[in-house]
Amino acid sequence: MQAKTKVLITAALPYANGPLHLGHIRSTYLPADICARYNRLKENETLYICATDEHGTPIVFNAEKEGKTPKQLVDYYHEKDKREFEALGFSMDIFHRTSSKENFQMTQHFFSRLKENNYIYKKSVEQYYCPKENRFLPDRYVKGTCPHCGAEDQYSDQCESCGRTLKPGEIQNPRCAICKTPPILKETEHYFFSLSKFSGKLEEWIKSNPGFQEEVKNFVLNWIKEGLRDWDITRNLEWGVPVPNEKGLVFYVWFDAPIGYISSTVALTKRWQEFWKSKDARVIHFIGKDIVYHHYLFWPAMLMGTDDGFNLPSAIPVRGYLNLEQKKFSKSRGWYITLEDYLRIFHPDFLRYYETVITPHAPSDASFSLEEFKERVNNELVANFANLAFRVLSLIDKKLDGKIEGCEFDSEGKALIQKIIDGSREIDGLFEKYEYKSALEKTMHLSSEVNRYISEKEPWKETDHEKIKRTLYTSLNALFYISI
Ligand SMILES: [Zn+2]
Ligand SMILES: [Zn+2]
């Protein structure tokens, strides 16, 4: 028996700026939930932590566009996400928020620790400034023409047409996104985190961790080889975690968001340090492939830099995007299914089943197909597993008046039970390696073995009461093993 450990599982924090869709569930929240349930069954002390990510320019910008305050916008999405996760039966121990007082305190604590340890410095940068409104214009408050591909009406930090990241001053023909005035560039002081100082330590840590997916590892090591750039961790905004002793300056959303994993644990339990710092504890972050950089480099470097004794993540499982009928989800073209739409029509378990069988432990993309969804749910989940449970329980009810007593297995029964015990061991190993797709496939395979056993024994035709009893007792045992 393995010693019991503490396991802290997180799912990437949903950004409180739009509805959850089926892709988010597949890449992050569902596998994290499976992991949490598995660890609880193993009697590991398990916490499943999540929260809404509530800061950053896109939220401020969208709230302004909709005539709301940022607070109103994030309140709305926090409640909505929470409701939908509950409807799906996710077993989160807490669903907190990055605008919480715990997160303000923890973020400022990180900042002061990193500053004390000389990992944070101040530097003068040029930022867009609207002379008409007298304010700085971070990231998407400025629009213009992409200097690389010529696409018009692009945000100043990233071109959605060619996907390139843009530096301040690079965009052509810039305009204030709110009042259309051409902005000026103005000097201001920002804080930077010395990510570059961690190159060696990060490389060593990533290479020595056997739990990371090979292809992700290669990707990240390549980034380190190309050279890590220091991060500008502040923004000229009012909405966010304030930088101590600075007016009109808040932390960049990617600075305070991962700290939300810790501060949400603080909000949940006084024993939070045991989960983040003790030797027998493991931290596992489930993420989508778009935020690999933040979780494999930025976040571990922050943890190392505090020198507070935080454990580094022991695993960071990465999963890819979900397409819809082979085409990319796209909000602007209306080609997507929100979780809300799904839940209005279908049972949550169907989604849990289907998304698990199409999701290997890999950053590869998958496609949601309504036809395949229907087929796999009907032919596998319903016809195989649900049918087995229904058959066994209804036969016990009909043939044995709902009562079952222990008895000896015959040789076929013994063989079946042995097969299932061996299979369960294999499934356990797959769960340990985050291979939930294979574990589920193996489970369905065992389920069909039991179905075949019952069909061969034909207990509904049998007249010998002892034989019926034995067949059904064996089947019930088999069902019990499969269910766990
Ligand atoms: Zn472009
Ligand atoms: Zn303006």
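**View 1. A cluster of aromatic side chains.** Tyr119, Phe193, Phe198, Phe219, Trp223, Trp231, Tyr252, Tyr293 and Phe298 are joined into a cluster by ring pairs. The model shown is predicted. Across the whole structure, a search finds 34 aromatic pairs.

**View 2. The stacked rings of Phe110 and Trp299.** A pair of aromatic rings is described by the distance of the centres and the angle of the planes. For Phe110 and Trp299 the centres are 6.0 Å apart and the planes are at 20°, so the pair counts as stacked, the limit being under 30 degrees. Phe110 belongs to helix H4 (residues 101–116) and Trp299 to helix H9 (residues 292–306), so the pair ties together parts 189 residues apart in sequence. Phe110 is buried, with a relative accessible area of 0%, and Trp299 is also buried, at 0%.

**View 3. The stacked rings of Phe251 and Phe255.** The ring centres of Phe251 and Phe255 lie 5.0 Å apart, with the planes at 25°. Both residues are buried.

View 4. Arg235 lies over the face of Tyr252, at 4.1 Å from the ring centre. The side chain of Arg235 also reaches the backbone oxygen of Asp232, at 3.4 Å. Beyond its neighbours within four places in sequence, Arg235 contacts residues including Pro138, Asp139, His190 and Gly248.

**View 5. An open sheet of 3 strands.** The strand order is S16-S15-S17, and the pairing is mixed. Strands S16 (327–328) and S17 (366–368) are the edge strands, each pairing on one side only. Strand S15 (residues 322–324) runs antiparallel to S16, and 2 bridges join them. Asn323 stands opposite Lys328 in S16.

Notes
Residues are numbered from 1 along each chain as its sequence is written. Chains are lettered from A and ligands numbered from 1 in the order in which they are written. This is a predicted model: local features need pLDDT of at least 70, side-chain atom pairs count only at pLDDT 80 or more; totals for chains, interfaces and linings use all residues. Side-chain values use heavy atoms; hydrogens and water are left out. Two strands pair if DSSP finds at least two bridges between them. Helices (H or I, at least four residues) and strands (E, at least two) are DSSP runs, numbered from the N terminus. A polar contact is a pair of N or O atoms within 3.5 Å; within protein, one must be able to donate a hydrogen and the other to accept it, and residues adjacent in sequence count only if both atoms are side-chain atoms. Contact means heavy atoms within 4.5 Å. Rings of Phe, Tyr and Trp (its six-membered ring) pair if their centres lie within 6.5 Å; planes under 30 degrees apart count as stacked, over 60 as edge-to-face and the rest as tilted. Buried means under 20% relative accessible area, exposed over 50%, partly exposed in between (1.4 Å probe, protein chains only). A charge sits over a ring if NZ of Lys or CZ of Arg is within 6 Å of the ring centre and within 35 degrees of the ring normal.
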